[in-house]
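Hi,

Here is the structure I promised to pass on.

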Amino acid sequence: MAGEQGASAYQADREALVEAVRALFTNGVMSSTGHGDVSHRIDEEHMLLTVPGRLRTLQADDLAVVALDGQVVEGEIDSLKAEIADLHSEIYRLREDIRVIIHTHSPSVLAFAMANRVLPCRYEAMRFGQPSEVPVVPWARRGTPAWISGIVAVLADHPSTHALILGNHGVLVFGADLAATVTLSTVLEEAAAGELGADRLGGAVAIPLGAGAPASGGSHGAKP
Ligand SMILES: [Zn+2]
């Protein structure tokens, strides 16, 4: 291991991940502390994973390459981050469609996490990335067997969800690529903010999906 600057085989992937994290800050998804974890499954066996707990000044060198079996291929991670790597590996093993995982304390989604409340799908923009409510995983102490198994169990129970609210903690957002996962993280923050704002007006209402047919004209043919 020469440890030379720029020696990573994944330099372009590293820079793309750093750009994605910058977009999370620009889009208002990050909490004031800048806490978060982001990983990107770069091939069948490996993921890139953010090493610092706080991401505001993240650089391309601040990423580790970790095999899904836990072996660290590039960089160094501590025991806490190794637990994060284990969690992300479990999620990647469970769901082939997931290639990116973003964990934040997204401020408005955090309100739902604090209340252990599901985030309903009542926002137009949310229908495309997460067309159902975001489930809640009950809080568990990090590092205990119940922590990872609890998250994986809720994910297994909701095989099409692209996000999980972590009770009393934050949110996990999943996607096929960095851009889609950043977008969904942003949309969920907007949806949560919209829900909280609508509460002051008597509460958000469900999207009247059954009322989506053309009101007149009849040129689109009969639909059930
Ligand atoms: Zn966290």
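This is a predicted model: local features need pLDDT of at least 70, side-chain atom pairs count only at pLDDT 80 or more; totals for chains, interfaces and linings use all residues.

To start with the sheet: how many bridges join strand E1 to strand E2, and do the two run parallel or antiparallel? Three bridges join E1 (residues 36-41) to E2 (residues 46-50), and the two strands run antiparallel. Within that pairing, Arg41 has Met47 of E2 as its bridge partner.

Before I go further, a word on the source. Residues are numbered from 1 along each chain as its sequence is written.

On the naming, helices (H or I, at least four residues) and strands (E, at least two) are DSSP runs, numbered from the N terminus. Two strands pair if DSSP finds at least two bridges between them.

**The sheet**

Eight strands make up an open sheet with mixed pairing, in the order E4-E3-E2-E1-E5-E8-E7-E6. Strand E4 (72-74) and strand E6 (136-137) are the edge strands, and each pairs on one side only. Helix H6 (residues 178-199) packs on the sheet, where it touches E1, strand E5 (100-104), strand E7 (163-166) and strand E8 (170-175). The direction of H6 makes about 145° with that of E8; axes here are lines fitted to C-alpha atoms, for helices over the stretch in contact, and angles run from 0 to 180 degrees between N-to-C directions. Touching, or contact, is when the C-beta atoms of two residues, placed from the backbone, lie within 7 Å.

E1 and E5 pair in the antiparallel sense over five bridges, with Val38 opposite Ile102 in E5. E5 and E8 also pair in the antiparallel sense over five bridges, and there His103 stands opposite Leu172 in E8.

Is E5 mostly covered or mostly open? Mostly covered: five of its five residues are buried. For burial, the count is of other C-beta atoms (placed from the backbone) within 10 Å of a residue's own: 20 or more is buried, 12 or fewer is exposed, and in between is partly exposed. In a regular strand the side chains alternate between the two faces of the sheet. For E5, Val100, Ile102 and Thr104 are buried on one side, and Ile101 and His103 are buried on the other.

**The core**

A nonpolar core is a set of buried Ala, Val, Leu, Ile, Met, Phe, Trp, Tyr and Cys residues joined through C-beta atoms within 7 Å. The largest one has 52 residues, and Val109, Ala163, Leu164, Ile165, Val171 and Leu188 touch the most other members. H6 gives the most to this core, with seven residues. Leaving aside residues up to four places away in sequence, Val109 touches Leu119, Ile165, Val171, Leu188, Glu189 and Ala192.

**Helix pairs**

The axes of helix H3 (residues 107-115) and H6 come within 7 Å and cross at roughly 65°. H3 and H6 are therefore roughly perpendicular to each other (under 35 degrees counts as roughly parallel, over 145 as roughly antiparallel, 65 to 115 as roughly perpendicular and the rest as oblique). Ser108, Val109, Ala111 and Phe112 in H3 meet Leu188, Glu189, Ala192, Ala193 and Leu196 in H6.

Helix H2 (residues 79-94) and helix H5 (residues 145-157) pack at an angle of about 25°, with their axes 10 Å apart, and are therefore roughly parallel to each other. On the H2 side the contact is made by Asp86, Leu87, Glu90, Ile91 and Leu94, and on the H5 side by Ile148, Ile151, Val152, Leu155 and Ala156.

**A few single residues**

Asn116 has a phi near 55°, a positive value in a residue other than glycine, and its place is in the loop between H3 and helix H4 (126-129). Asn168 also has a positive phi, near 60°, and is found in the loop between E7 and E8. Asn168 is partly exposed, with 14 other C-beta atoms within 10 Å. Asp157 in H5 counts as exposed, because it has 9 C-beta neighbours inside 10 Å.

Cheers
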